[in-house]
Amino acid sequence: MCASAKYNTRGPALIPRMKTKHRIYYITLFSVVLLGLIATGMFQFWPHSIESSSDWTVEKRSVHDVPVVKLPADSPIPERGDLSCRMHTCFDVYRCGFNPKNKIKVYIYSLKKYVDEYGVLVSNTISREYNELLTAISDSDFYTDDVNRACLFVPSIDVLNQNTLRIKETAQALAQLSRWDRGTNHLLFNMLPGGPPDYNTALDVPRDRALLAGGGFSTWTYRQGYDVSIPVYSPLSAEVELPERGLGLRRYFILSSQMALHPEYRSDLETLQDENGESVLILDKCTNLSEGVPSVRKRCHKNQIFDYPQVLQEATFCVILRGARLGQAVLSDVLQAGCVPVVIADSYILPFSEVLDWKRASVVIPEEKMPEMYSILQSIPEQQIEEMQRQARWFWEAYFRSMKAIALATLQIINDRIYPYAAISYEEWNDPPTVKWSSVSNPLFLPLIPPQSQGFTAIVLTYDRVESLFRVITEVSKVPSLSKLLVVWNNQNKNPPEDSLWPKIRVPLKVVKTTENKLSNRFFPYDEIETEAVLAIDDDIIMLTSDELQFGYEVWREFPDRLVGYPGRLHLWDHEMNKWKYESEWTNEVSMVLTGAAFYHKYFNYLYTYKMPGDIKNWVDAHMNCEDIAMNFLVANVTGKAVIKVTPRKKFKCPECTAIDGLSLDQTHMVERSECINKFASVFGTMPLKVVEHRADPVLYKDDFPEKLKSFPNIGSL
């Protein structure tokens, strides 16, 4: 109690009370320091770029409320485009830096109204197309509103159509851009370059080091790996919806729809029409239209009027000739119609040719060979024509159909140059997505062992051996893991048996009737295949037991990226003949398993049908042989791994089958199969097949144990 009183009485003496004026001083000082720290933090993290406060936005696209910039007559003008520019010489990749998404950042300058010293507009309001292009960029993952983070700069100055530009003043406006720096890392979009009388194939506006996405490049003006060749957008893409047409030959073999062609070109086309009659249709501008009918939507031949672009769907091949400019909007219309473009324009750089394989969708013919066009096109197989039609339509849907598609493809190409390790592959650029098979996983990336519960789908290719077919169906249906049985009926002259005659089995049985008798039908990616595993089996393979088939499936589950099969074969090098030889005798080695009885992942059906190199698939169908060897080549080439032969059995076919019944017993069969191996090795450019000296057998196959202890007791010895 006393101590407490003592402390309280001495407190004021030990800690003197602060005078009021000093207290106010320290409080004020502390407040100033605190406010300074807060302000510093806000400045550090707040967007402090003056330019970023006036970013290009949706609201600022109107020219009515944008700042006016007057360009004095003596304003600086950029140098002409530097033809020596490449990405490593004129592009500052360090500005792009590293980012986890491997995505360049694109900044769009705010919209401004440029006038000359007399107050006259340098250019009109931005076009609808350029507005759509800028909107697409601003809505994409490439866009940034922070100029300091930008790797690429896109002006809001519309130079799509040179016809509307004042060349000198537009160049002066570009030079006024705050980050211009001789055009480094700036991207300009132009679709209609040049002007009368010579119509240059690149934008005439001086642009120094700026990249140009141009719609009419020639080999003389295109800077390989720097500029981007883009399509000339067709406004009809947005106005006219053309439904997809069936593939194959159409009413007209060749059609030309361009107006105002050079007289020499039109004369050559008319000669072609005279020589080949109604299979060639040459259209021109209509001169007898009623008032109010838009001429751009009509074409005429003599007195006959055709709707455009609908008439393009009536043709197999559509001619694309150079006009005043190399790039023509008709290319987009032709692709939309699914017509194969025949490009006759020497030195023209096709759109996005840096990444698109135009050989798959078009035919390019030198101008001097124009009179030979009909015979050149006639030499193309119908199946290839169908593939080109499909590819042409997909090119339009993916890269031509809108300004958005054009803009994003352009940025992706530039992005791939800057981040090549994350670039989009050839397949992603060029392969049409398949609706049903887009979700199919490559077996290289499956879990180690696919689930057993899913089972496998058995595919039986047959022609007319009904009795043998029914025996195969009965035997295969006994396999516990069978999920579905698919019969591919390859006989167009005979209908399959009635439903009541088919064997009654415990799993769904589906019959698919083909339109042509082709061996490749065995490997088509049918929608009915719902399992990962596929068993391909011939209609005369009746000696395999259910234990052998179940064991083969279990082996495949452990090696889902391999061909796992029963009949083994070998390829050998014949030193005397200096070529490869097919060997079917019993040997200590194996490099192939025949798909007359083999398990594989359904992904390889997709690869066989759509990715087989060269003309192998057509060659197989024409020779009615070697589809199994082709599949072995394909799988080995993709995986770099050998096949797996399972079980010791050597005989598989029904004993009573004769040479009349079986294709493989034909006298020329072995010779042709040796030819196949040499043909395929030539197309692949290598020999992908791997030779191994082992096979897979059940663990207790030959052990002296009771049968009931063995998982697969019924394994044949021959």
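Pro-309 sits in the loop that joins strand 11 (304-307) to strand 12 (315-321). The peptide bond leading from Tyr-308 into Pro-309 is cis, with omega near 10 degrees. Helices (H or I, at least four residues) and strands (E, at least two) are DSSP runs numbered from the N terminus.

The model is predicted: local features need pLDDT of at least 70 and side-chain atom pairs count only at pLDDT 80 or more, while totals for chains, interfaces and linings use all residues. Residues are numbered from 1 along each chain as its sequence is written, and side-chain values use heavy atoms, with hydrogens and water left out.

**The chain as a whole**

The secondary structure comprises 18 helices and 25 strands. Of the 718 residues, 52% count as buried; buried means under 20% relative accessible area, exposed over 50%, and partly exposed in between (1.4 Å probe, protein chains only). The chain exposes about 35700 Å², of which carbon and sulfur atoms supply 53%. Accessible areas come from the Shrake-Rupley method with a 1.4 Å probe, and for residues only the protein chains shown count as cover. Among contacts between residues at least 6 apart in sequence, 77% join residues at least 24 apart, contact meaning heavy atoms within 4.5 Å.

**Positive phi in loops**

Lys-302 is a residue other than glycine with a positive phi, near 55 degrees. Lys-302 lies in the loop between strand 10 (298-301) and strand 11, and counts as exposed because its relative accessibility is 74%. Phe-352, also other than glycine, has a positive phi near 55 degrees. The loop that holds Phe-352 runs between strand 13 (340-344) and strand 14 (363-364). Phe-352 is buried, with a relative accessible area of 2%.

**Asn-415**

Asn-415 belongs to helix 11 (residues 403-418). With a relative accessible area of 2%, Asn-415 is buried. Leaving aside neighbours within four places in sequence, Asn-415 is in contact with Asn-102, Lys-103, Ile-104 and Phe-142. Asn-415 and Lys-103 are 312 residues apart along the chain, and their C-alpha atoms are separated by 6.5 Å.

In helix 14, eleven of the 13 residues are buried, so the helix is largely enclosed by the rest of the structure. Among the buried residues of helix 14 are Asp-547, Glu-548, Phe-551, Trp-556 and Arg-557.

Helix 17 is likewise largely enclosed by the rest of the structure, because eleven of its 13 residues are buried. The buried residues of helix 17 include Glu-627, Asp-628, Asn-632 and Phe-633. Its buried residues pack against strand 21 (579-583), strand 22 (592-593), strand 23 (597-601), helix 15 (603-610), helix 16 (616-623) and helix 18 (669-684). Gly-640 follows helix 17 and has a positive phi, near 70 degrees.

**Helix 15 and its contact with helix 17**

Helix 15 is mostly covered, with seven of its eight residues buried. These are Tyr-603, Phe-604, Asn-605, Tyr-606, Leu-607, Tyr-608 and Thr-609. The buried residues of helix 15 pack against strand 15 (456-462), strand 23, helix 16 and helix 17.

Two packed helices are described by the angle between their axes and the distance between the axes. The axes of helix 15 and helix 17 come within 10 Å and cross at roughly 110 degrees. That angle makes helix 15 roughly perpendicular to helix 17. From helix 15, the contact is made by Phe-604, Asn-605, Leu-607 and Tyr-608; from helix 17, by Glu-627, Ala-630, Met-631, Leu-634, Val-635, Val-638 and Thr-639. By class, this contact has eight nonpolar, two polar and one charged residues.

Axes are lines fitted to C-alpha atoms, for helices over the stretch in contact, and angles run from 0 to 180 degrees between N-to-C directions. Angles under 35 degrees count as roughly parallel, over 145 as roughly antiparallel, 65 to 115 as roughly perpendicular and the rest as oblique. Ala, Val, Leu, Ile, Met, Phe, Trp, Tyr, Cys and Pro count as nonpolar, Asp, Glu, Lys and Arg as charged, and the others, Gly among them, as polar.
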